[in-house]
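User: I want to learn how to read the contacts in a model like this one. Where should I start?

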There are 2 protein chains.
Amino acid sequence: MSEISQSKSIQKAERDMSGRITIRTVAADAGVSVSAVSKVLRNAYGVSDVLRAKVNASIEKLGYRPNASARGMRGRSYTLGVLLSDIRNPFFSEIMAGINEALANTPYQPLLGVSNSAVGVERSLIDAMIDRQMDGLIFVAPRMLDEEIDAAARRIPTVVIGHHRPQAMHFDTVNGDDEAGAEHAIDHLVAAGLEKITHISLDISASEDNSVTAHRELGYRRAMERHGLSRHTDVHYAEHSPLARNLARNLLKRSDRPEALFCWTDSCAFEAISAAMELGISVPQGLSVIGYDNSPPCDLAQNNLTSIDQSGRQLGMESARMLMERIEGRQKPEHLLVETRLIVRGSTITASGHDL
Amino acid sequence: MSEISQSKSIQKAERDMSGRITIRTVAADAGVSVSAVSKVLRNAYGVSDVLRAKVNASIEKLGYRPNASARGMRGRSYTLGVLLSDIRNPFFSEIMAGINEALANTPYQPLLGVSNSAVGVERSLIDAMIDRQMDGLIFVAPRMLDEEIDAAARRIPTVVIGHHRPQAMHFDTVNGDDEAGAEHAIDHLVAAGLEKITHISLDISASEDNSVTAHRELGYRRAMERHGLSRHTDVHYAEHSPLARNLARNLLKRSDRPEALFCWTDSCAFEAISAAMELGISVPQGLSVIGYDNSPPCDLAQNNLTSIDQSGRQLGMESARMLMERIEGRQKPEHLLVETRLIVRGSTITASGHDL
């Protein structure tokens, strides 16, 4: 029996047994190993173009659907659980886009749970995801205690985005460099001659030292000190973005009002711009505003918001890549810090005093 | 053996067998049937306050966690799959909030799949959700063919939001009254003396007669005709919201430019406002803009967008209620049309010619 006819008979046997095309059918047709097909499917490092072309040709010829067929393999469900704390934040859509991009052409598929930042819901979603046989979890800005994240990570491969735990042993983390991001924002405002720079942050439990907001506040305080502006250091907290409008309004009504507001997230900065408009204060002439995340609405002319880009898409892509590696057996933790960039638009005055 | 000690021994037996508190433990402790506890948990119609108080007292005393404990019952997973076509649309966050509200205090928990409006992804998500033993599915604005929705609904209890199929036999639908909503928008503009009213819709396959956008376009055309303005009927399509800015810019550059833009969704209207600002056209004096969905950013001073409220929260709540009924055994289809309301803000001139 020649190699070719042997591979054909394997292919036939596979189809007969399961009634559908499996990864083994593809391997047989392409004349490669099952693990080689698996590598191509998950875009693993070190796959040659020749191998990729061969496998993809067989996939196309056979009409193989990785998602449907791969589920049975080695007890995996090829489903990843993503736990989002807040579906309304447009930044999280960017993270999801990155996760989807990394998983495209792999057999893995993400299913989302939304906790609305409630710790109780996070806990029961984790249970539900493990019960539904997900292969791994990505937590985005979790509100749980560190011990609970550790406990979940001992049960299932886990990657955490938006929570700083560079020493964690049982899971990976992916974060923007929140301290540096905040420092860029303050440096930009100080370069334009501003001094009275107030920070609007998120009102969460004071114990959350690992949160992105705590790190941004730290960056803000550090930069103010570095510029000799500690006397103007002024931090206020809003429970969620819509409440930031009231907070900003009250700050802007003070006789000694801030020259600039650095907001922990864009949606909070949009509320600050709204408050300024309502009070007849023009942005940026009367008030500079900086957001964080560089989400799509920053680019609307009516917002024109200077913001810190922390590459949500990249954070999402890296997290999915790292989770697939963990599922495939990596034990050693990886902790990734992604650089941030300042994106200057018209909501901040520039060093020359002119707005963009 | 008195009733009380009997119930205690049942409770003990339940705990010993499973190692955790179950719905039966709660029933025994409260001295009621398991189905009575189930009714309280899912907020069923006709539960007396006395029964609710009794069951809730036992739940609290025993530290019962419905989500974790109920999973084993009658082969249900108590997980519902929600298929969103686009996580970026803030209207869908409102629907999710409604679904979460209806499921709070029930044992059911939603898990989301996001298709990014790709039919292939919708198909494989449905497979994944059925494989993961979800008890029922809610499709939000699906892009699949009607036959595919029918096929899915024959496999698993299904409710569809944002897709008009009032004759469907195998699933329920929940929709805003899209035709009436569009007519309200046009009536409002015509009442202010405007005639050149252009509609910006979504570029999807022409065969999608059941889509919300097709129904809104129908309402627009009908209202224009009713007001004797058919000669000004003018519909343009953008593939997604960011592209609506270019489209609006081109429309506004025409010598014979529209006096008003009626946009199929708010995010598209925000782009139109941005285009007007970039061209130095003031809203509403030079251009009236109406959106659809009354999403939270409408309320920002920089948008101040008149919009049609289709009660996303209510659509979500009703869909979850209907799905739980289907899972509990209802077979007869229910098709719900929810009234829409015009919310007037400053982006449209009023009949008196003054802006708000």
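**Reading the interface and the salt bridges**

Analyst: Start where the chains meet. The contact takes 43 residues from chain A and 43 residues from chain B. Keep in mind that this is a predicted model.

User: How much area do chain A and chain B bury between them, and what part of it is on carbon and sulfur atoms?

Analyst: The two chains bury about 3,400 Å² between them. Carbon and sulfur atoms carry 51% of that area.

User: Which elements of chain A each supply at least two residues of the side that touches chain B?

Analyst: They are strand 1 (79-84), helix 6 (90-103), strand 2 (109-114), helix 7 (119-131) and helix 12 (266-278) of chain A. Helix 7 of chain A gives the largest share, seven residues. By residue class, the side of chain A that touches chain B has 18 nonpolar, 13 polar and twelve charged residues.

User: Why does B:Glu271 count as buried?

Analyst: Check the cut-off: buried means under 20% relative accessible area. B:Glu271 has 11%, so B:Glu271 is buried. B:Arg245 has 12%, so B:Arg245 is buried too.

User: How do I judge salt bridges inside a chain?

Analyst: Ask what each pair connects. The whole structure holds 56 salt bridges over all chains. Take A:Asp150 and A:Arg165, with closest N and O atoms 3.0 Å apart. A:Asp150 lies in helix 8 (residues 146-155) of chain A and A:Arg165 in the loop between strand 4 (158-161) and strand 5 (172-176) of chain A, so the pair ties together parts 15 residues apart in sequence. Both A:Asp150 and A:Arg165 are buried.

User: Which residue forms a salt bridge with B:Asp172?

Analyst: B:Arg330, at 2.8 Å between the closest N and O atoms. B:Asp172 is in strand 5 (residues 172-176) of chain B, while B:Arg330 is in the loop between helix 13 (312-327) and strand 11 (335-338) of chain B, 158 residues apart. Both B:Asp172 and B:Arg330 are buried. In chain A, a network of salt bridges links A:Asp172, A:Glu318, A:Arg321, A:Glu325, A:Arg326, A:Arg330 and A:Glu334.

User: And strands? Are the side chains on the two faces of strand 4 of chain B buried or exposed?

Analyst: In a regular strand the side chains alternate between the two faces of the sheet. In strand 4 (residues 158-161) of chain B, both faces are covered. B:Thr158 and B:Val160 are buried on one side, B:Val159 and B:Ile161 on the other. Strand 3 (residues 136-140) of chain B pairs with strand 4 of chain B in the parallel sense, over four bridges. B:Leu137 stands opposite B:Thr158.

Definitions and conventions: Residues are numbered from 1 along each chain as its sequence is written. Chains are lettered from A and ligands numbered from 1 in the order in which they are written. This is a predicted model: local features need pLDDT of at least 70, side-chain atom pairs count only at pLDDT 80 or more; totals for chains, interfaces and linings use all residues. Side-chain values use heavy atoms; hydrogens and water are left out. Contact means heavy atoms within 4.5 Å. Buried area is the accessible area (1.4 Å probe) that two parts lose on being put together, summed over both. Ala, Val, Leu, Ile, Met, Phe, Trp, Tyr, Cys and Pro count as nonpolar, Asp, Glu, Lys and Arg as charged, and the others, Gly among them, as polar. Buried means under 20% relative accessible area, exposed over 50%, partly exposed in between (1.4 Å probe, protein chains only). Two strands pair if DSSP finds at least two bridges between them. A salt bridge is a side-chain nitrogen of Lys or Arg within 4 Å of a carboxyl oxygen of Asp or Glu.
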